[in-house]
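Please look over the structure below before reading the briefing that follows.

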Amino acid sequence: MTKVTIFHNPRCSKSRQTLALLEENNCEIEVIEYLKDIPTIETLKSIQSKLNVAVRDMMRTKEDDYKEQNLSDDSVTDEQLFNAMIKTPKIIERPIVLANDKAVIGRPPENVLDII
């Protein structure tokens, strides 16, 4: 049985679909509701490393909070982006799934099949 961690928002349909897919594949699932249990900067940095993407690629760039904080400005550093995710966790892309020392964003949910 594959152990997985999902950074989950139960109000998000893609997040719910991804969780259901993990359940269908008999995974041992740790659910982290990241809006309630906000990850640390160290955790976000670890996830970003496993995703192997730019920091902005793990953010919801169309969210009003992202735009209001002017986070698309090229002068904003990665450290400032990480701090923004801690301050406003709803701008973290969802769902993020970790398994087998890898990570993937569950958009589409079937992406998780590559790491379990």
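P108 is found in the segment after strand 4, where strands (E, at least two residues) and helices (H or I, at least four) are DSSP runs numbered from the N terminus. The peptide bond that leads from R107 into P108 is cis, with omega near 0 degrees. The model is a predicted one, in which local features need pLDDT of at least 70 and side-chain atom pairs count only at pLDDT 80 or more, while totals for chains, interfaces and linings use all residues. Residues are numbered from 1 along each chain as its sequence is written, and side-chain values use heavy atoms, with hydrogens and water left out.

**Backbone features**

- A cis peptide bond also runs from R94 to P95, with omega near -15 degrees, and P95 is found in the loop between helix 4 and strand 3.
- In the loop between helix 1 (13-24) and strand 2 (28-33) lies N25, and N26 is found in that loop as well.
- Phi of N26 is near 55 degrees, which is a positive value in a residue other than glycine.
- N70, in the loop between helix 3 (64-68) and helix 4, likewise has a positive phi near 55 degrees without being a glycine.
- Just after helix 2, N52 takes a positive phi of about 60 degrees.

**Exposure and surroundings of single residues**

- Residues are called buried under 20% relative accessible area, exposed over 50% and partly exposed in between, as judged with a 1.4 Å probe and protein chains only.
- N26 counts as exposed because its relative accessibility is 53%, whereas N70 is partly exposed, with a relative accessible area of 43%.
- N25 counts as partly exposed at 38% relative accessibility, and, leaving aside residues up to four places away in sequence, N25 touches L113 and I116, a contact being heavy atoms within 4.5 Å.
- The C-alpha atoms of N25 and L51 are separated by 21 Å, and these residues are 26 residues apart along the chain.
- E42 is found in helix 2 and counts as exposed because its relative accessibility is 58%.
- Between the C-alpha atoms of E42 and A54, which are 12 residues apart along the chain, the separation is 15 Å.

**Nonpolar cores**

- A nonpolar core is a set of buried Ala, Val, Leu, Ile, Met, Phe, Trp, Tyr and Cys residues joined through side-chain atoms within 4.5 Å.
- The largest of these cores has 23 residues, and those with the most contacts inside it are M59, L71, M85 and I96.
- Two or more residues are given to this core by each of helix 2 (41-51), helix 4 (78-87), strand 3 (96-99) and strand 4 (102-105).
- When residues up to four places away in sequence are not counted, I96 touches T5, I6, F7, I47, L51, M58, V104 and I105.
- A second, separate core of 11 residues includes L22, C27, V97 and V112.
- In soluble globular proteins, nonpolar side chains tend to be buried together.

- The residues I41, L44, I47, Q48 and L51 are buried in helix 2.
- These residues cover an arc of only 120 degrees around the axis, so they are on the same side of helix 2, the arc being that of the directions from the helix axis to the C-beta atoms.
- On the other side of helix 2, E42 and S49 are exposed.
- The buried residues of helix 2 pack against strand 1 (3-8), helix 4, strand 3 and strand 4.
- In helix 4, the buried residues are L81, F82, A84 and M85.
- These four residues cover an arc of only 155 degrees around the axis, which puts them on the same side of helix 4.
- Helix 2 is included in what covers the buried residues of helix 4.

**How helix 2 meets helix 4**

- Helix 2 and helix 4 pack at an angle of about 120 degrees, with their axes 10 Å apart; axes are lines fitted to C-alpha atoms, for helices over the stretch in contact, and angles run from 0 to 180 degrees between N-to-C directions.
- The contact is made by I41, L44, K45 and Q48 of helix 2 together with E79, F82, N83, M85 and I86 of helix 4.
- The residues of this contact divide into 5 nonpolar, 2 polar and 2 charged, where Ala, Val, Leu, Ile, Met, Phe, Trp, Tyr, Cys and Pro count as nonpolar, Asp, Glu, Lys and Arg as charged, and the others, Gly among them, as polar.
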